[in-house]
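Hi everyone, thanks for making time.

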Amino acid sequence: MIRILILCILVVASSSAAAYPDRPINLVVPFGAGSSTDMLARVVAHGLSERLGQPVTVENKVGAGGGIGSSYVARSAPDGYTLLMSTNGPMAANASLYSQLPYDPIQDFAPVILMGRLPMILIGNNDTTARTVGELIAEAKARPGEINFGASNTTARVWVELLKRMGGVDVATVLYSNVGGMMTDLMSGRISYAFENVGPSLSQIRAQKVRALAVTSPARAAFAPEVPTVAESGLRDHELVVWFAMFAPRDTPGEVIERINREVNALLQTDDLRRLAAQIGMAAAGGTPADLRDYQQAEVRNWRQLVEMTGVQIN
């Protein structure tokens, strides 16, 4: 009797996976509307809706450094109808930054696909005198504790600590809950510098409302080849970039994961995704779920080392 019951469950699960999708899909973003993650999710949702023949809606569940949306997806049914578009913050860094995390970035999720990577960019308001990282470090050494940096996300906060460590300087960090408020304060001169994602920064740089000093990628970025890297200033100890990826709840059927992976890999080759990648400064990735799992595990280890070294803790 038990064997028959198990067989029936397996048949139902197999039939469900084969029919996938037969109803709308919810793509959760753990950050606010207008963020780079949100922009990426909405383009992907539109493309998946067309390719899968079912509506794919984006839902923003904001808070706790991405933890609220991530926890929601981790607790959702593993059927492929609730997915997560996230970043290195909730899916790698938070495991070390939070003493009590209500989800496990590795154990509670099934990897779907690595969407892409992009550098952070170091920007300053137009009243600052430094034009390079070297000049900024010299200024900070001459005025210890007086220069402030805005940080609206986890990666930015750690980058400020890395700059302090690598440059041997004392600067202040001003934390923001959203990038809009931080950019307003930067442009008005309330703060001097910031590490930020490319997406929210590029339009302000091009409008000459803020100044770009450096990118954090190992090589100069294609979207701004005139901007040097942090490494070119002699600060070469660490590589820390932002990445986007899609996940599903743990135990989501493999057939469903493979279907979504296949469709998103195809979407990464479309003009819509290429235009968005150029807009937010993302180098598209793609690949298999296993590729994402290996990369995520390496990033969890990398962030553990960075947090131990810098001493940054959220709680």
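Okay, so let's begin with the sheet: it's an open one, five strands in the order β7-β6-β8-β5-β9, with mixed pairing. Quick caveat before I go on: this is a predicted model, where local features need pLDDT of at least 70 and side-chain atom pairs count only at pLDDT 80 or more, while totals for chains, interfaces and linings use all residues. Residues are numbered from 1 along each chain as its sequence is written, and side-chain values use heavy atoms, with hydrogens and water left out.

On terms, strands are DSSP runs of E with at least two residues, helices are runs of H or I with at least four, and both are numbered from the N terminus. Two strands pair if DSSP finds at least two bridges between them.

β6, residues 148–151, pairs with β7 in the parallel sense over four bridges; Gly150, for instance, has Val174 in β7 as its bridge partner.

What packs on this sheet? α7 does, touching β5 (120–125), β6, β8 and β9, and its direction makes about 145° with that of β8. Helix α8 (198–206) packs on the sheet as well, touching β5, β8 and β9, at about 120° to the direction of β8. Contact here is heavy atoms within 4.5 Å; axes are lines fitted to C-alpha atoms, for helices over the stretch in contact, with angles from 0 to 180 degrees between N-to-C directions.

Now the pockets. A pocket is an open set of points on a 1 Å grid over the protein atoms alone, where a 1.4 Å probe fits, with protein on both sides within 12 Å along at least five of seven lines; lining residues have an atom within 4 Å of a point. Volume is the space filled by probe spheres set on the points, which are joined across faces, edges and corners.

The largest pocket comes out at about 760 Å³. It has 37 lining residues, and the closest to its centre are Phe31, Ser152, Asn153, Thr154 and Ser177. Which element gives the most to that lining? α4, with four residues.

The second largest pocket has a volume of about 250 Å³. Its lining has 16 residues, with Arg117, Pro119, Gly281, Met282 and Ala283 nearest the centre.
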